[in-house]
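Here are my notes for someone opening this one for the first time. Have a look at the picture, then read on.

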Amino acid sequence: MDRSLGYTLAWQTAYVAFAMVILLAHLVPLETTPRSLIAPDILLAMTLAWATLRPEALLIVVVGVMFLLADLLLQRPPGLWPALVIIAVEILRARSDDLRDAGFFAEWAWVSVVIVTLFVANMILSVILLPYELSEGLQLLQMAFTLLVYPLAAGLLRLMFGTQRTATGTVDGRGRPI
Amino acid sequence: MAKDRSKTEDYTAPVRRLLIGVLVFVFLLIFLVWRIDSPRVERLRTEVTDRLVPSFSWAMAPVTGLAHVASDFRSYQRIYDQNQELKRELQQMKAWKEAALQLEQENARLLDLNRVRLDPKFTHVTGVVLADSGTPFRQSVLLNVGARDGIQDGWATMDGIGLVGRISGVGRETSRVILLTDAASRVPIVVQPSGQRALLSGDNTARPPLELIEDADQVRPGDRVFSSGDGDVFPAGILVGEVARGPDRRLRVRLAADYERLEFLRVIRARPAEEIRDPGTLIEPPRAAFGPVAPQQPASLLQGADADG
């Protein structure tokens with residue numbers, strides 16, 4: 001069989017499974033009173049870490065579909081956040097080689113810039129486009145928590161993928177370099 | 001090899017960029033459609049939730065259960081304080097019980113005098129909370145009853161004690177309850193004993209404020225708040241909570257329903273509001289309360305109305 005296809009399929013399944021677990025954890029009916037705390041956007045942290053670490057094992061369409069599903073399930077306005085996230089993933093994917101060579105702190109710094117840009121863009125667009133207001137304080141808090149949770153997500157993925165980086169010159173089933 | 005690699009990238013990059021562009025466009029289009037024609041996309045949302053969440057309840061139920069056990073365990077640690085508090089409350093309750101018994105007798109006498117028949121159509125469907133909104137920006141819960149059980153949009157939902165919210169979004173097996181605390185929730189209420197009408201408007205805090213009060217001076221902290229039934233949104237007379245003064249000096253409502261633990265909710269079946277379509281065959285009720293009676297009406301009709309009242 002095509003090794004590339006199996007490889008991609010396996011990791012997409014893993015990604016979807018992760019995303020579903022995160023979504024269901026959000027949905028467990030424990031927070032029925034208004035809270036002043038907010039959970040970090042773990043799905044975002046994991047997706048960005050994934051895009052940085054193993055961009056070849058992540059299909060952009062799957063990312064888009066999972067974020068749209070998250071929008072639908074979590075009562076968010078559908079479409080805006082997935083569009084922004086896809087652009088962010090693309091930016092990180094393009095730099096993934098350099099980021100992996102630069103060491104973890106440089107990677108974290110880069111991803112932080114991307115996350116902050118994402119949240120700020122989303123906040124500005126929300127203020128302009130949404131019919132209702134979202135609490136800016138909570139959104140900023142969520143941004144901060146997401147920045148902090150990124151190293152955990154990245155660490156977990158490194159454990160999962162193994163620390164061994166894809167060697168230069170490795171080719172996949174169709175002879176394309178990975 | 002490096003040359004090979006760049007060649008491949010040159011080949012795939014434009015295709016990739018096109019794919020990204022198309023994806024971003026599609027998502028923004030979805031957002032635009034949602035912004036313009038929200039009900040349609042919200043129905044899609046309800047549909048997706050309806051398909052997904054019930055099928056995952058096997059995974060969520062144990063987690064919910066465990067978390068409740070944990071919170072129960074935490075509450076054991078405060079058991080002494082609670083005991084003291086309960087004793088104090090019991091003392092107060094004894095006094096209240098006396099008052100309640102007297103009031104009950106008085107109420108029974110008055111009802112008897114008025115020959116009031118309480119509405120027999122007041123029935124309910126009980127549902128279990130499957131999921132919350134999943135984000136602190138919105139306050140809603142998902143129930144495991146839906147169109148299959150005859151649930152309709154707009155029906156009132158309460159726990160055993162007080163009003164919780166209204167149904168908004170009905171799937172086949174699930175329905176979403178917008179809680180009173182949600183920023184989009186507006187419920188007409190009446191404050192007793194002063195009888196002041198106002199609007200309870202959620203603002204994403206635990207104690208939603210009262211708005212559009214007729215005369216705020218007549219409303220005091222501690223007054224009871226009920227649904228007023230104005231605008232045929234809810235049946236009248238469901239307990240909502242009691243008035244409290246917030247730290248910002250606004251009049252807010254301490255909700256009677258136990259929002260910490262929403263597990264089983266009652267959906268109140270609302271009667272469709274009766275409409276008078278055909279004035280020819282139906283004698284309308286007297287309009288005396290709204291102004292002078294029109295002189296053109298036949299005398300027999302007026303007499304009939306007077307005899308009724």
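1. First, the ground rules. This is a predicted model, in which local features need pLDDT of at least 70, side-chain atom pairs count only at pLDDT 80 or more, and totals for chains, interfaces and linings use all residues. Residues are numbered from 1 along each chain as its sequence is written, while chains are lettered from A and ligands numbered from 1 in the order in which they are written.

2. On confidence, the predictor gives the complex an ipTM of 0.85 and a pTM of 0.74. Helices (H or I, at least four residues) and strands (E, at least two) are DSSP runs, numbered from the N terminus.

3. Two stretches of chain B call for care. Over residues 1-7 of chain B the pLDDT is below 50, and this stretch has four contacts beyond near neighbours in sequence; a contact needs C-beta atoms, placed from the backbone, within 7 Å. Residues 297-309 of chain B also stay under 50, with seven contacts beyond four places in sequence. Where pLDDT is low, the predicted coordinates should not be read in detail.

4. How do the chains meet? Chain B puts 48 residues into the contact and chain A puts in 38. On the chain B side, H1(B) gives the largest share, 13 residues. That side divides into 30 nonpolar, 11 polar and seven charged residues. Here Ala, Val, Leu, Ile, Met, Phe, Trp, Tyr, Cys and Pro count as nonpolar, Asp, Glu, Lys and Arg as charged, and the others, Gly among them, as polar.

5. Leu18(B) sits in helix H1 (residues 2-36) of chain B. Is Leu18(B) buried or exposed? Leu18(B) counts as exposed because it has 10 C-beta neighbours inside 10 Å; the cut-offs are 12 or fewer for exposed, 20 or more for buried, and partly exposed in between.

6. Finally, the strands, which pair if DSSP finds at least two bridges between them. S1(B) runs antiparallel to strand S12 (residues 264-268) of chain B, with five bridges, and Thr126(B) has Arg266(B) as its partner there. Three bridges join S1(B) to S2(B), also antiparallel, and Ala131(B) stands opposite Leu142(B).

Definitions and conventions
pLDDT is the predictor's confidence in each residue, from 0 to 100.
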